[in-house]
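Hi,

Here is the structure I promised to pass on. Have a look at it first, and my notes on what turned up follow below.

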Amino acid sequence: MTEERCSADELRTLFLFEKLTDAQLDWLCQRGRVEVMAAGLVYAEGDPATHFYVLLEGTVVLSRRLRGADIEATRTSQPGVYAGAWQAYLGDRVPQRYPSSMRVTEPSRFFVLDADVFAQLMNEWFPMAVHLLGGGFLYRATMQGLTGQRERLLALGSLSAGLTHELNNPAAAAIRATASLRERIVGMRQKLSMIAAGPHDRKSLEALTRLQEEAAERAPKARALSPLEASDAEDAIAGWMDSRGLGDGWRLAPTFVAAGLDVAWLEQVAAAVDAGTLEAALGWLSCTVETELLMNEIEDAVTRISALVGAAKQYSQLDRAPHQVVDVHELLDSTLAILKGKIPPGIRVVKEYDRSLPAIPAYAAELNQAWTNLIDNAVSAMGQTGVLTVRTGLDRDRVVVDICDTGPGVPPEIRDRIFEPFFTTKPVGQGTGLGLDITFRIVVNKHHGDIAVESVPGDTRFRVRLPVTAAEPAK
């Protein structure tokens, strides 16, 4: 690096300084300097921001570091472009560190000001502008933080409402089944007392008990019949009972059919007991079958509740380390389970998972928030009908997750803006414009991945790519 004499006339040719007075240009030359930089790194991202640079001649490249690689953001030879400590006028209200790295690809000349001199210039020459810029910058940062928090709270409230609804359904089913089970047990006791009053020998009672055990065993394994098959089977059983002068054929037939029992089985019952107690025996066996079916119903409901609680636990990751190695499919499944109550019946969910994918290092709870934002947007775009496709795959050293919908698509004119904070196409009060911004920061900043969108009417795809190997945990 070498220094040259500063020329006010040269500074005047730059768009940044063209409106300054001669006195101001002289002030700059007295306090600043012209430096010639050899090709190479000028400053690195994250280092203390100590200088403000204005390009006079040469080529600069600005880059950000992502997952151990420098990603080029800007390359220019335009005289007057500036970089470095350009937020020095904000003082200690913001961290004074270089937000990116700058290098030159050839020997390049810069006008250089120390950060404190640049801050003095801004505050003395443009006090009103500093107040406006500082206020706007800090207000935006504050509002983004507050609105982001509100976005998370709204999402949490919506998810809680959906989860409550999903939990209520199996809980209500279990309560109804329990009440019905109590009635059937009372009925079994009554029918059993009627059978006991009859003239049965030990062999008949043993046969009847064996048939009860067979009915209890067959009920949970019965094949589901089509409506037409079930109707024919019920008619056959009701006709068999009517032919023997037995009542309640129309009421008992659906229960026996649901348990996979037929006329041949009823003939075994008739052979085991005398005609006088056949009706009581069939009623007793019907209560047995209903009891088994009701217990299955309760088991299904409790299993569903357990699965939902497990999904909520997986989704929140409350009992796990923030940064861990995870199966991305478990995260996607837990998110879909939590969001099930928000997905209209007319939207079909399709999972196309590559189960051979490796586990990846991730902040699981935050990835779940990203999936929530993307799936919620896809569902909102489709309205009441459509297909939501969640697809996974591998692209070299990255796991790929596609969230696809069949909605109207993202118009080309706004596609470049959808990840901007506060940008939304939803009506006022229905969207904060931070869902995709938060998703972008989770994927790119937190996980060193990338996210992109491809969209035509009827086929919109948000593609998230996450590294398979561990990067340093983001701060």
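The crossing of α6 and α8 is right-handed. Before going further, please keep in mind that this is a predicted model.

Back to that helix pair. Two packed helices are described by the angle between their axes and by the distance separating those axes. For α6 (residues 227-243) and α8 (residues 263-272), the angle is about 25° and the axes are 10 Å apart. Angles under 35 degrees count as roughly parallel, so α6 is roughly parallel to α8.

If you want to click through the contact, start on the α6 side with Ala236, Ile237 and Trp240. They meet Val263, Leu266, Glu267 and Ala270 in α8. Sorted by class, this contact has six nonpolar residues, one charged residue and no polar ones.

Strands of a sheet pair through backbone hydrogen bonds, in either a parallel or an antiparallel way. Here five strands make an open sheet with antiparallel pairing, and the order is β1-β2-β9-β4-β7. At the edges sit β1 (2-4) and β7 (82-84), each of which pairs on one side only. From one strand to the next, the twist averages 35°.

Glu4 has Val34 in β2 as its bridge partner. There is also a helix to look at on this sheet: α3 (residues 115-125) lies across β4 (51-57) and β9 (108-114), and it runs at about 70° to β9.

Arg396 has a phi near 55°, which is a positive value in a residue other than glycine. You'll find Arg396 in the loop between β13 (386-395) and β14 (398-405). His448 is another non-glycine residue with a positive phi, near 60°, and it is found in the loop between α12 (435-446) and β15 (450-456).

Buried means under 20%, so His448, with a relative accessible area of 16%, is buried.

Cheers

How values were computed: Residues numbered from 1 in each chain as written. Predicted model: local features only at pLDDT ≥ 70, side-chain atom pairs only at ≥ 80, totals over all residues. Heavy atoms only, no water. Helix = DSSP H or I, 4+ residues; strand = E, 2+ residues; numbered from the N terminus. Buried < 20%, exposed > 50% of the residue type's maximum accessible area, 1.4 Å probe, protein only. Axes fitted to C-alpha atoms, helices over the stretch in contact; angles between N-to-C directions. Parallel < 35°, antiparallel > 145°, perpendicular 65-115°, else oblique. Left-handed = near helix turned anticlockwise from the far one by under 90°. Contact = heavy atoms within 4.5 Å. Nonpolar A, V, L, I, M, F, W, Y, C, P; charged D, E, K, R; others polar. Pairing = 2+ DSSP bridges.
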